[in-house]
Every structure is written in C-alpha cells, then in structure tokens.
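These are my notebook entries on what I looked up in the structure. I begin with the terms and the provenance, then turn to the sheet, the helices and the cores.

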Amino acid sequence: MPFLAAAALSVSIQSSDSDPNRLSIGRAGTVQVQPGQIYDLRSSRVASVDDLAEAAQGKKFVFLGEQHATKAHQLEEASVVRALGDHGRDVSVGMEMYTRPKQDVLDLWSAGTLTEEQFIDQSDWKHQWGFDYSFYKPVFDIVKERRLPLVGLNVPRDWVHAVATKGYAGLPTSAKLQLPPVLFLGNKDHRSVFDSLMGGHSMVGTGMENMYAAQVLWDEGMADTAIKYTERAPADPKAIFVVIAGGGHVMYGQGINYRIKHRKAGDGITMVMLQSDTPVEVSRGLADFVYVSPKS
C-alpha cells in the first residue's frame, strides 16, 4: 500500500470541522443518510442500484469509492456491475487492487480459463493487494460469470514510492514515458480533500509536497490506465467502465474522475461508500450517490 493509510483513503467517519465527508466542494448543503441506504445526493432521495444504473445512461464511467475489505461494499460493487449489465450496458471493470503488469492474468480470469485458486496464485493477490480474497470474491465472481473485461488500474507501487520520496523528478524516465507528460498539481479542491484526509491541516514542506505529488500520480496513473483501455476498445455506445478504488480516489469528483474529465476522456457517475451504525451527515457534493453500510 502506498504512502497514505488504507483507512484514510477509504474515507473515515469523523466528527470535526475537517471531516472529509463534509467539505464545502461542489453542491451546497448537507444531508443525513441512514445506515443501509443508498442516497441520491443530486435529488436528495433514497435510491437503489437500479437508480444508479439509470443515472449512468449516456455516461462512459461509473466510479465506486469503497472502504477496503468491507464486505457490504464489495457486495454493493458486484450489485452495481450486475445492474449495469441488466440495463443493457457492456461493462468493463477496472480495479485499484491490481497493477498494470498483471493484466495478462486478469484477461485469463475474464475468459474463464483459470480456477479461483489459479487466479489467486498467478495474479499474486497476496502481494498485489493483501486483504483477504473473500472480501472481493463477489466482484471477481460476477466478472467471470459474465466474461467481463477486468483491468488492473494501478501503476507499479515503486513509481508512487519514488515520487513520495523524491518528487516527480525521482520517477525513472521509463515510467514517465508511460504516463501523461505533465503531472498537474494545481487542483485546489483536490488539495483540500488531500489535506482533510491527512488530518485537516494544510501541511507544507518538501516531504509533504512530495507526498501530495505521489497522491496525484496515483490518481493520474489509474485514470491513464482507464483512458488507454477505453481508447483501445472498439467504439460501443453501450460501453461503460466501472472504476473500483478507495473512496479517497474519487470523492468530490476530484481524484481519478477529475483526471479523466480533465483529459476530456469522458464523464461519469460517482458513488462513495461509508460505514456507520448511526446516521451520517455528508456534503451533497461528496458524490452523486452515497451508500452507508451498517458496521454491525
């Protein structure tokens, strides 16, 4: 796992002025969401995965921001993938959990030629992600069941580590050639999200700036993978690409989704997933939809 803790990127519930779920970005106002609900933050009403699939009509992407290794969230991701397919979309699934070099093995899984044991072993799940495979099994099962393309979104982790340590200049030329020529660091809203996830303080210094550049590289790299895949795929008005990543990579539309839109590669619908046994107050700008799963 790169420099930010998984818990932070999965969007923790806080009760302070720096609560990352209640930032003043995008739509004005807040709403309370009950445990067990999917809530449409655009229209302020309770929703369903079918509503999300309907909202995705005409879009190229769906961005799902999870809390890692949270069973209800991975089940919801599988439900969204299924609903999109049931609504006539040709679905591809991109996952933060795998890096680009594992794509050949992911293709074999999509084709149905590997057993689950073979897939876990050959894809090096233990070192690629490390959380118990059973959490993500519902997603992998629907991919195999419907023979959906599965894409490893993440860039090699040593790239992120190099930037976190030495800045973008520390990235090898061979890596830079596989990425956009410019790493744009001027998105103030994204910096606000980053600062909030790091504790609510706008921290400065070379080390912190390198960490922020690494976060941007992480988002930009996954966006770049998704863009390259969709550009290579045959033109298909029914095609939709589902991005599954930690909530910190998509919240407020400022992460992977921002990078894709900034490069004019397509628009999408975002759902951020949280976990709480009590009602959660969230900004209406947090996403298009929010899902709160009960902890219990």
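This is a predicted model: local features need pLDDT of at least 70, side-chain atom pairs count only at pLDDT 80 or more; totals for chains, interfaces and linings use all residues.

**Entry 1: terms and provenance.** I call a residue buried under 20% relative accessible area, exposed over 50%, and partly exposed in between (1.4 Å probe, protein chains only). Helices (H or I, at least four residues) and strands (E, at least two) are DSSP runs, numbered from the N terminus. Residues are numbered from 1 along each chain as its sequence is written, and side-chain values use heavy atoms, with hydrogens and water left out.

**Entry 2: strand 4.** I looked up the burial of strand 4 and found it mostly covered, with six of its six residues buried. Phe61, Phe63 and Gly65 point one way, whereas Val62, Leu64 and Glu66 point the other way.

I then looked up the partners of strand 4, where two strands pair if DSSP finds at least two bridges between them. Strand 4 runs parallel to strand 7, joined by six bridges, and Gly65 has Ala245 of strand 7 as its bridge partner. Strand 4 also runs parallel to strand 8 (residues 268-275), through five bridges; here Val62 stands opposite Ile269.

Entry 3: Which order do the strands take? I noted eight strands in an open sheet of mixed pairing, ordered 3-2-10-8-4-7-5-6. The edges are strand 3 (45-47) and strand 6 (150-154), each of which pairs on one side only. Neighbouring strands are turned by 25 degrees against each other on average, direction ignored; axes are lines fitted to C-alpha atoms, for helices over the stretch in contact, and angles run from 0 to 180 degrees between N-to-C directions.

Strand 5 (residues 90-99) pairs with strand 7 (residues 239-246) in the parallel sense over six bridges, and Asp90 stands opposite Ala239. Strand 5 also pairs with strand 6 in the parallel sense, over four bridges, with Val93 and Leu150 as bridge partners. I checked strand 6 for burial: five of its five residues are buried, so strand 6 is largely enclosed by the rest of the structure.

**Entry 4: helices across the sheet.** Helix 7 (residues 133-146) lies across strand 4, strand 5, strand 6 and strand 7, at about 140 degrees to strand 5. Helix 11 (residues 206-232) lies across strand 4, strand 5, strand 6 and strand 7 as well, at about 150 degrees to strand 6.

**Entry 5: helix 8 and helix 11.** The axes of helix 8 (residues 157-166) and helix 11 come within 6 Å and cross at roughly 155 degrees. I listed the residues in contact (heavy atoms within 4.5 Å): helix 8 contributes Trp159, Val160 and Val163 among others, and helix 11 contributes residues including Ala213, Leu217 and Trp218. Trp159, Val160, Ala162, Val163 and Ala164 of helix 8 are buried, and their cover includes helix 9 (173-176) and helix 11. Gly167, which follows helix 8, has a positive phi near 80 degrees.

**Entry 6: helix 10 and helix 11.** Helix 10 (residues 188-197) packs on helix 11 at an angle of about 110 degrees, with the axes 11 Å apart. These helices are therefore roughly perpendicular to each other.

Entry 7: A nonpolar core is a set of buried Ala, Val, Leu, Ile, Met, Phe, Trp, Tyr and Cys residues joined through side-chain atoms within 4.5 Å. The largest has 50 residues, with the most contacts inside it made by Ile260, Val282 and Leu286. Helix 11 gives the most to this core, eleven residues. A second, separate core of 42 residues includes Ala53, Leu64, Trp109 and Leu148.

Beyond residues up to four places away in sequence, Val282 touches Leu41, Leu274 and Val290, among others. Ser283 lies in strand 9 (residues 280-283) and counts as buried, at 2% relative accessibility. With neighbours within four places set aside, the contacts of Ser283 include Asn21, Arg22 and Tyr252.

Technical notes
Angles under 35 degrees count as roughly parallel, over 145 as roughly antiparallel, 65 to 115 as roughly perpendicular and the rest as oblique.
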